[in-house]
Amino acid sequence: MRRTSWKWVVGLALLPWLALPCFPHHGASPYDASKLTTVKGTVSDFQFINPHVEIWVDVTDDKGKTETWTGEANSPNVLSRHGWDRNIIKKGDQITVIGNRGKNGSKTLRLQKVVLANGQELDPNSLSD
Amino acid sequence: MRNRFVNLAITLVVAVSLQPAIPSRAQEQGNAAAGAAVAATPDLSGVWSRLRDGAISHGYENYVLDFGKSDSPMTPWAAAKYKLTGPMYHGSDPQTVMSDPVFQCFPPGVPRIFLFNFPVQIVQIPGQVLMLFEYDHFVRRIYTDGRPHDAEQGPLWMGDSTGKWEGDTLVVDTANFNDKTLIDRVGRPHSDALHLVERIRRIDPKFMEVAFTVEDPKAYTKPWGTKLIFESRPDWKIMEQICEDNAGFIDFNKKATATPKKGR
């Protein structure tokens, strides 16, 4: 019984740290701004919603193993003023996302640039607060 | 007989149609007073976004996360609080970073809300100036009808605001704050004694200045403040902006369509 209680305590304490996008309006602090990570793959979902626009990209490595990365950008309000809209990215699109990876090592990126299959570059303008 | 009815009908129609054109003396005086009040009030209405990079070329500072070095020395009370709040921005511990109340969608307070990269719409109606912030739908009602601060409410997250016009400038006086919000993103504290004065005016048709002064003797040894510049954005609209995250949302659509589990 005591062990179970400790699992709960540790689990709850780690929860916010393990799941970065769970925090609303969390700015860029949880991401390592000193490094850029580039990921290329197939869009499995794109949500142009508040508080943060999110892109899910399935990345398949040389061995055929597929992993899903999550790219997080600013509010759709800010992105709308930078030429984005809800139709600019679609499921199945081949895209490249470049951003700062979560400090916790999870496959999450604070987006700094998105490159569409046709070469068009999108600015996620990540400053909001 | 029929002609008498026709004449009576015409007379009534003419009388009724003339009625709105003959206002009472009281109405005339009221309309004139309202017109004079509207004419005497400078127009700050419209959608405004704060200039950041472009601020420097206009002689203002490019504030991003904080108000620079414009503050004054902190009292021991504020310095002790800043030791706890400062690491929310500068620290590396995730729990500490995430303890910023704004990251939990608590109200940002004033003047911090001006630091956010979301526009504000100003609406002027009789007796009030409204600031409709895009960020999380915050509304500031600034009463310009001469009423005092509401001493029966609070302490409040966004304070209680009254305003008066001094020439071309709207002077906003805000008090009755709680001490849960912070002045800026880097954790500068304030106390519940915060008294904020904003002087808001159009510099020219395209730009507006907000000069604020922080008076908080419990937190700072003397008043301090700075000036911000906003650009008119007539082609922008205020959109929906929500702070709350979707991850914690209970989706009843999915629940309703989910295959029920067999009971044990």
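User: Let's start with chain A: what share of its residues count as buried?
Analyst: Keep in mind that this is a predicted model. In chain A, 34% of the 129 residues count as buried.
User: And what secondary structure does chain A have?
Analyst: Chain A has 2 helices and 6 strands. Reading from the N terminus, the order is α-β-β-β-α-β-β-β.
User: What about its contacts, how many join residues at least 24 apart?
Analyst: That comes to 55%, counted among the chain A contacts between residues at least 6 apart in sequence.
User: OK, switching to chain B. How many strands close into the barrel there?
Analyst: In chain B, 9 strands close into a barrel, ordered 1-2-3-4-5-6-7-8-9, and the pairing is mixed. On average, neighbouring strands of this sheet are turned by 30° against each other, ignoring direction.
User: How many bridges join strand 1 to strand 9?
Analyst: There are 3 bridges between strand 1 of chain B (residues 46–50) and strand 9 of chain B (residues 224–232), and the two run antiparallel. One contact to look at is S49(B), whose bridge partner in strand 9 is E231(B).
User: New topic, the prolines. Which residue does a cis peptide bond join to P111(B)?
Analyst: That's V110(B), and omega of the bond is about 10°. P111(B) itself sits in the loop between helix 5 (94–97) and strand 2 (120–125) of chain B.
User: And which residue is joined to P155(B) by a cis peptide bond?
Analyst: G154(B) is, with omega at about 5°. You'll find P155(B) in the loop that runs between strand 4 (139–143) and strand 5 (160–166) of chain B.
User: Is D136(B) buried or exposed?
Analyst: D136(B) counts as buried, because it has 22 C-beta neighbours inside 10 Å and the cut-off for buried is 20 or more.
User: What about H137(B), what's its phi?
Analyst: H137(B) isn't a glycine, yet its phi is positive, at about 60°. H137(B) is also placed in the loop between strand 3 and strand 4 of chain B.
User: And H137(B), buried or exposed?
Analyst: Exposed: H137(B) has 12 other C-beta atoms within 10 Å, and 12 or fewer counts as exposed.

Definitions and conventions. Residues numbered from 1 in each chain as written. Chains lettered and ligands numbered in written order. Predicted model: local features only at pLDDT ≥ 70, side-chain atom pairs only at ≥ 80, totals over all residues. Helix = DSSP H or I, 4+ residues; strand = E, 2+ residues; numbered from the N terminus. Contact = placed C-beta atoms within 7 Å. Pairing = 2+ DSSP bridges. Axes fitted to C-alpha atoms, helices over the stretch in contact; angles between N-to-C directions.
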